[in-house]
Amino acid sequence: MAMTTRDRARVSLGIQAGIFLAIVIVLAVLVDWSAIRNSFFSIENLGPMFPEIITVGLFNTVKYTVVGFIFGLLGGTLLALMRMSSFPVYRWVATGYIEFFRGIPAILVFIALGFGASLAFGVNLSTLQIAGSALAIVASAYIAETLRAGLQAVPKGQIEAARALGMPAWRAMVTIQIPQAFRIVLPPLTNEAILLTKDSSLIFVVGMAGGAAELTKMGRDGINIYQAGLTPLVIAGFCYLLLTVPLSLLARRMEHRSPRRPKK
């Protein structure tokens, strides 16, 4: 008797569940759980790591990310408008900036600001200035393309209607097109905030004082200080998740509620 489509799907699901269960059993048997516990979950000696990992590491990570995102958003908005300008020089400058900073690793920007700024301009930037500027420079290149897509997604009929009523072009852009574009691109902007949160760890390449340390720096130093294997890094990773998971859930919720989501 031939199997129905539902029976074949049920058999396929059973086979996949069996393979997954077999892999879990094999790993459970082969893994040295004692070594894993000592290396990743040895929390007995980590008492002195608290509350500094929260009050200093987590706070500095949030601070660097917020500064970078705010200035990245301002720069990205300006670049997006320049990219759509009728004046060709603006378009060329914006395109060159976006392609350059999207094409190089973010760590090079941190190094250039951390070591190159003092050599080129004779200025010594603080850790916050380096981290915030580097994140803003990189973020603005990505946010510009995201915003440009949002601006182009706003129906042209609304702009044409505003112009027909006598509204100047700049006012139609500021009061109609840009607010709607931001609503459209809120989910990808939230994803960009998540990326900036993780990229803030790149500040380690320029060095920093203890009071300016972020989560990765504190986790890495904890490996040598507390003699608890990689557990300090696990703690630092968990702190990152406290920031990124709510942002991911927020982005998913906004994407789900987006009016552009196709109805099922």
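Look at Ser-85 first: its backbone oxygen lies 2.8 Å from a polar atom of the Arg-91 side chain. The backbone oxygen of Ser-86 lies 3.4 Å from a polar atom of that side chain. Both are polar contacts, meaning N or O atoms within 3.5 Å, where within protein one must be able to donate a hydrogen and the other to accept it, and residues adjacent in sequence count only if both atoms are side-chain atoms.

A word on the source. This is a predicted model, where local features need pLDDT of at least 70 and side-chain atom pairs count only at pLDDT 80 or more, while totals for chains, interfaces and linings use all residues. Residues are numbered from 1 along each chain as its sequence is written, and side-chain values use heavy atoms, with hydrogens and water left out.

Back to Arg-91. It sits in helix 4, residues 88-103 (helices are DSSP runs of H or I, at least four residues, numbered from the N terminus). Leaving aside neighbours within four places in sequence, Arg-91 touches Met-82, Arg-83, Ser-85 and Ser-86 (contact means heavy atoms within 4.5 Å).

Now helix 8. A bend of about 35° comes at Gln-177, taken as the angle between axes fitted to the seven residues ending there and the seven starting there. A proline, Pro-179, follows within four residues. Buried residues of helix 8 include Ala-172, Ile-176 and Gln-177. Among the elements covering the buried residues are helix 3, helix 6 and helix 7.

Notes
Helices (H or I, at least four residues) and strands (E, at least two) are DSSP runs, numbered from the N terminus. Buried means under 20% relative accessible area, exposed over 50%, partly exposed in between (1.4 Å probe, protein chains only).
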